Structures are given as structure tokens and as C-alpha cells.
Amino acid sequence: MGSIRLKNIKLYAFHGCLKEEGQIGSDYLVNLSVRADLTKASNTDSLHDTVDYVQLQKIVRDEMAVPSKLLEHVAKRIIDSIFLNIETVNSVKISVAKQNPPIGGDVAEVSVTLKATR
């Protein structure tokens, strides 16, 4: 078993419950970690035998492009898409953070973290 991690994927997206958030958008950081059996890849040196982090990043980018009210919903969609498209992934941990959220105070970010196992 091993893990692959994508740290601080920077995206601009349109998530939130406020009408303005859907129109103006915000900066987001996504951190993703997946677990899979990487034994074969460590022996063969073949991309075919591992989890392609380019594909992981594309899944994150595609799901973040779909507006949602809640970060929880976005994170769950990303997990579902990873499980649907990459059968070798056994578990996923994801954090989705909205930078400078419009909550009436000086807050650097708010984030939601979800974990799931196949």
C-alpha cells in the first residue's frame, strides 16, 4: 500500500450560498491524498501500473468547475469521481479550502475535509 498526494491545487471557482459568490467567485486550495497498492508500479516503472496524478488533478479541476453551495458537496463529488474513474484507489482524503471567505471577519480560509474508503 502507498499514497499519492497533490498539495495545494490552486483553483478559481464559484461555490457558496451567497448569490455574490456564484457571480464573483473565489480562490480555492485543494489538498488530495489517495491510497492504493503501488507495489507493481514500484517494480515496473510503468505509468500504467500506478495512479496517474495528472488524472487526479483533472478530476479535481473538472469537479471544482461545477458550482455548488457547499464545500462538502464539492469534496464528495471529487471522491465519487475518483472511485468511479480510478479503480485501484482504495481510499481518499480531500480538503477543499475557500480563501478569504465572505463571512464578516478576517479569516484566511475555511475548509472542509472528507475521507472515504472503497
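**Strands, a helix residue and an aromatic pair**

In this predicted model, I4 has V34 in strand β2 as its bridge partner.

Strand β1 covers residues 2–13 and strand β2 covers residues 26–36; the two pair in the antiparallel sense, with 10 bridges between them. Strand β2 also pairs with strand β3, which comprises residues 89–99. This second pairing is likewise antiparallel and extends over nine bridges. Within it, R35 stands opposite S91 of β3. When following such strands in the structure, the reader may bear in mind that side chains in a regular strand alternate between the two faces of the sheet.

Attention may now turn to a helix. Helix α4 spans residues 71–85, and S81 is one of its residues. The relative accessibility of S81 is 13%; because buried means under 20%, S81 counts as buried. Apart from neighbours within four places in sequence, the residues in contact with S81 are I59 and E63.

The last topic is the aromatic rings. The model contains one aromatic pair. It is formed by Y12 and F14, whose ring centres lie 5.7 Å apart and whose planes meet at 85°. Planes over 60 degrees apart count as edge-to-face, and therefore the pair of Y12 and F14 is edge-to-face.

Terms used: Residues are numbered from 1 along each chain as its sequence is written. This is a predicted model: local features need pLDDT of at least 70, side-chain atom pairs count only at pLDDT 80 or more; totals for chains, interfaces and linings use all residues. Side-chain values use heavy atoms; hydrogens and water are left out. Two strands pair if DSSP finds at least two bridges between them. Helices (H or I, at least four residues) and strands (E, at least two) are DSSP runs, numbered from the N terminus. Buried means under 20% relative accessible area, exposed over 50%, partly exposed in between (1.4 Å probe, protein chains only). Contact means heavy atoms within 4.5 Å. Rings of Phe, Tyr and Trp (its six-membered ring) pair if their centres lie within 6.5 Å; planes under 30 degrees apart count as stacked, over 60 as edge-to-face and the rest as tilted.
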